[in-house]
Amino acid sequence: MTPRQIYHAFSGKLHGNRTMKRYVCRTLSKFPQDIIDHITRDCWFLGSTEDAWAYSFRGDEIAGKHLIVLSDELFTQSDEQIEYTIAHEIGHIILGHRNAILSSQSKSETARQEREAHAFALRYLLN
């Protein structure tokens with residue numbers, strides 16, 4: 001799937017500037033179709049926008065979805081680092097990792113999840 005097709009598949013679930021959207025779609029295009037389908041269906045990407053200082057969502061708009069927040073600082077890094085970070089975060093979702101905000105995790109569980117997301121990202125970026 002091309003980055004342009006991926007952009008359209010998100011159906012408005014990419015909120016950020018042009019650079020962020022381009023990197024997300026380009027990185028996701030390196031994945032197999034089943035992962036692309038899952039992420040474009042069940043994930044929102046949030047970053048700074050050029051035309052708004054802030055935005056909000058209703059709970060029903062994001063219910064049952066995953067959110068990935070990408071900072072402006074990320075996009076000052078190298079292309080490789082940007083793509084790795086996006087792929088790593090996609091890995092957390094695909095691998096079913098849980099967030100430590102609502103339920104505590106041991107340091108070893110967090111470290112295991114980070115290793116798994118790292119390996120996941122490399123598997124797709126090094127092909």
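**The nonpolar core and the helices around it**

The largest nonpolar core of this predicted model holds 26 residues, and Phe31, Ile39, Phe45, Leu70 and Ile90 have the most contacts inside it. A nonpolar core here is a set of buried Ala, Val, Leu, Ile, Met, Phe, Trp, Tyr and Cys residues joined through side-chain atoms within 4.5 Å; buried means under 20% relative accessible area, exposed over 50%, and partly exposed in between (1.4 Å probe, protein chains only). Two or more residues each come from α2, α3 (33-42), β2 (43-46), α5 and α6 (107-125). Helices (H or I, at least four residues) and strands (E, at least two) are DSSP runs, numbered from the N terminus.

Because the model is predicted, local features need pLDDT of at least 70 and side-chain atom pairs count only at pLDDT 80 or more, while totals for chains, interfaces and linings use all residues. Residues are numbered from 1 along each chain as its sequence is written, and side-chain values use heavy atoms, with hydrogens and water left out.

Not counting residues up to four places away in sequence, Phe45 touches Phe10, Lys13, Leu14, His15, Met20, Val24, Ile39, Ile68, Leu70, Ile86 and Ile90, where contact means heavy atoms within 4.5 Å. In α3, the buried residues are Ile35, Ile36, Ile39, Thr40 and Asp42. Their cover includes α1 (3-9), α2, β2, β3 (66-69), α5 and α6.

Next comes a pair of packed helices. Helix α2 (residues 18-28) packs against helix α5 (residues 79-94) at an angle of about 70°, and their axes lie 9 Å apart. The two helices are therefore roughly perpendicular to each other, a term for angles of 65 to 115 degrees. From α2, Tyr23, Val24, Arg26, Thr27 and Leu28 meet Asp79, Ile82, Glu83, Ile86, Ala87 and Ile90 of α5. By class, this contact has seven nonpolar, one polar and three charged residues; Ala, Val, Leu, Ile, Met, Phe, Trp, Tyr, Cys and Pro count as nonpolar, Asp, Glu, Lys and Arg as charged, and the others, Gly among them, as polar.

Ala121 sits in helix α6 and counts as buried because its relative accessibility is 0%. Leaving aside neighbours within four places in sequence, Ala121 is in contact with Tyr84, Ala87 and His88. Ala9, in helix α1, has 28% relative accessibility and so counts as partly exposed. Beyond residues up to four places away in sequence, Ala9 touches Met1 and Thr40.

Key:
Axes fitted to C-alpha atoms, helices over the stretch in contact; angles between N-to-C directions. Parallel < 35°, antiparallel > 145°, perpendicular 65-115°, else oblique.
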